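The structure is shown below.

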Amino acid sequence: AKEKVAQESSIQEPAYKMQVVEEEGQPSKVVIAVTLPLVTSAGAIDAEIVQGSRFELEVEGIYKLSANLPAAINEEEMSCRFDKKKKVLTVKIPILG
């Protein structure tokens, strides 16, 4: 069995889509969909909001993402869901009204 060793240089930025969802004409939440084909378990994903304005995601040795958020958000209410079949992490963060 060959062992795969992740080098620092092999860390990649995952593909992602960020959108602002509106409700009744008002921005309601930011939804970020991150495609993580090399992730096998949601537990490997470390996602956080930095300084209330930036979304950061890391999967140790594999992925690193830093993206500015388009609006002021409520980080306490952030929710993450990883779809194992599609390998997509969906992050929803309410926008402060």
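## Pairing of S2 and S7

Strand S2, residues 26-35, and strand S7, residues 88-94, pair in the antiparallel sense over 7 bridges. Strands here are DSSP runs of E with at least two residues, numbered from the N terminus, and two strands pair if DSSP finds at least two bridges between them.

The model is predicted, so local features need pLDDT of at least 70 and side-chain atom pairs count only at pLDDT 80 or more, while totals for chains, interfaces and linings use all residues. Residues are numbered from 1 along each chain as its sequence is written, and side-chain values use heavy atoms, with hydrogens and water left out.

## The sheet as a whole

S2 and S7 belong to an open sheet of 4 strands, with the order S1-S2-S7-S6 and antiparallel pairing. Strand S1 (16-23) and strand S6 (79-83) are at the edges; each has a single partner strand, so one side of each is left without a neighbour in the sheet. On average, neighbouring strands of this sheet are turned by 20° against each other, direction ignored; the axes are lines fitted to C-alpha atoms, and angles in general run from 0 to 180 degrees between N-to-C directions.

In general, the strands of a sheet pair through backbone hydrogen bonds, either parallel or antiparallel.

S6 and S7 run antiparallel and are joined by 5 bridges. Asp83 stands opposite Val88 in S7.

The hairpin has 4 residues between its strands. Lys87 lies in this loop between S6 and S7, and its phi is positive, about 60°, although Lys87 is not a glycine. Lys87 is partly exposed, with a relative accessible area of 24%; buried means under 20%, exposed over 50%, and partly exposed in between (1.4 Å probe, protein chains only).

Where else does a residue other than glycine take a positive phi? Gln51 does, with a value near 55°. Gln51 lies in the loop between strand S3 (45-50) and strand S4 (54-59). Gln51 is exposed, with a relative accessible area of 71%.
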